[in-house]
Amino acid sequence: MYVAAAKLIDPLFSDANATLVALSIFSTAVAVALIYVAGQRIFERRVGLLASAMLFASPLVWFFSEVAFAYAVQLPFAVLATWLLFEMWFNRRYAFWAALVIGIGAGFRQDVLLFFGPFFVAASLRLGARDHCHEGWEVTDPALGARRLRSAFLLLPHPAARPVG
């Protein structure tokens, strides 16, 4: 998806490196705005301002925003996934959006699945147990947890899967 996103804006720059750097700079700007909103929604306005100012002033963020790496493009997805997973912990309606952001973010950098997958599974298990309480089930449903955990592991590549030949 990193290359596909770069191809979308390449006609504006007509230079591969400039296109990738522009994508990184744009992604970092979006991440600064998202971290402000996430900090404001989770805590308060001052926390959002402080977090976005710290992100904006970070030398590592500046470095990775000015080179053609996918790290900066991963940043807004990481911020948005963190915020949505926090919201998902308390409200089921954020589950779809959290899964969508994690999935799209994994298209840019696959380690998003390794970082956010366990948190998504934990929030799903918590929501599943809470939802089944309303239906008269027990507080914990091991079958539901096993199904969700199995689904999460199906997303990971199998070590024995190698090209034939």
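This is a predicted model: local features need pLDDT of at least 70, side-chain atom pairs count only at pLDDT 80 or more; totals for chains, interfaces and linings use all residues.
Q: What makes the buried residues of helix 3 line one face of the helix?
A: The buried residues in helix 3 are Gly-48, Ser-52 and Leu-55. Seen down the helix axis, these buried residues fall within an arc of 60 degrees, so they line one face of helix 3. On the other side of the helix, Arg-46, Leu-50, Met-54 and Ala-57 are exposed.

Q: How do you know that the end-to-end span of helix 3 agrees with its number of residues?
A: Helix 3 covers residues 45–57, which is 13 residues, and at 1.5 Å a residue it should span 18 Å. The expected span is 1.5 Å times one less than the number of residues, and because the end C-alpha atoms are 18 Å apart, the two values agree.

Q: Why is Ser-24 called buried?
A: Buried means under 20% relative accessible area, and Ser-24 has a relative accessible area of 0%, so Ser-24 is buried. Ser-24 has its place in helix 2 (residues 16–42), and, leaving aside its neighbours within four places in sequence, it is in contact with Tyr-2, Phe-64, Ser-65, Val-67, Phe-69, Ala-72 and Val-73.

Q: Why is Ser-14 called exposed?
A: A residue counts as exposed when its relative accessible area is over 50%; Ser-14 has 63%, and is therefore exposed. Ser-14 lies in the loop between helix 1 (2–13) and helix 2, and has a positive phi of about 60 degrees although it is not a glycine.

Q: What makes the pairing of Glu-44 with Arg-46 a salt bridge?
A: Side chains of opposite charge can pair when their charged atoms come close. The definition asks for a side-chain nitrogen of Lys or Arg within 4 Å of a carboxyl oxygen of Asp or Glu, and the closest N and O atoms of Glu-44 and Arg-46 are 2.8 Å apart, so the pair counts as a salt bridge. Glu-44 is partly exposed, with a relative accessible area of 35%, whereas Arg-46 counts as exposed at 65% relative accessibility.

Q: How many salt bridges does a search of the whole structure find?
A: The search finds two salt bridges. One of them joins Asp-111 and Arg-109, with the closest N and O atoms 3.1 Å apart, which is within the 4 Å cut-off. Arg-109 is partly exposed, with a relative accessible area of 21%.

Q: Why does Ile-104 count as partly exposed?
A: Partly exposed lies in between the buried limit of under 20% and the exposed limit of over 50%, and Ile-104, at 32% relative accessibility, therefore counts as partly exposed. Ile-104 is found in helix 6 (residues 95–108), and together with Met-1, Phe-96, Trp-97 and Leu-100 makes a nonpolar surface patch of about 510 Å².

Q: Which pattern does the protein follow along the sequence?
A: The protein has eight helices and zero strands, and the pattern read along the sequence is α-α-α-α-α-α-α-α. Of the 165 residues in the protein, 35% are buried, and the protein exposes about 10700 Å², of which carbon and sulfur atoms supply 71%. Among the contacts with a separation of 6 or more, 57% are between residues 24 or more positions apart.

Key
Residues are numbered from 1 along each chain as its sequence is written. Side-chain values use heavy atoms; hydrogens and water are left out. Helices (H or I, at least four residues) and strands (E, at least two) are DSSP runs, numbered from the N terminus. Buried means under 20% relative accessible area, exposed over 50%, partly exposed in between (1.4 Å probe, protein chains only). Contact means heavy atoms within 4.5 Å. Patches are made of residues with over 30% relative accessible area and no salt bridge: like charges are joined within 9 Å, nonpolar side chains (Val, Leu, Ile, Met, Phe, Trp, Tyr) within 5 Å. Accessible areas come from the Shrake-Rupley method with a 1.4 Å probe; for residues, only the protein chains shown count as cover. The arc is that of the directions from the helix axis to the C-beta atoms.
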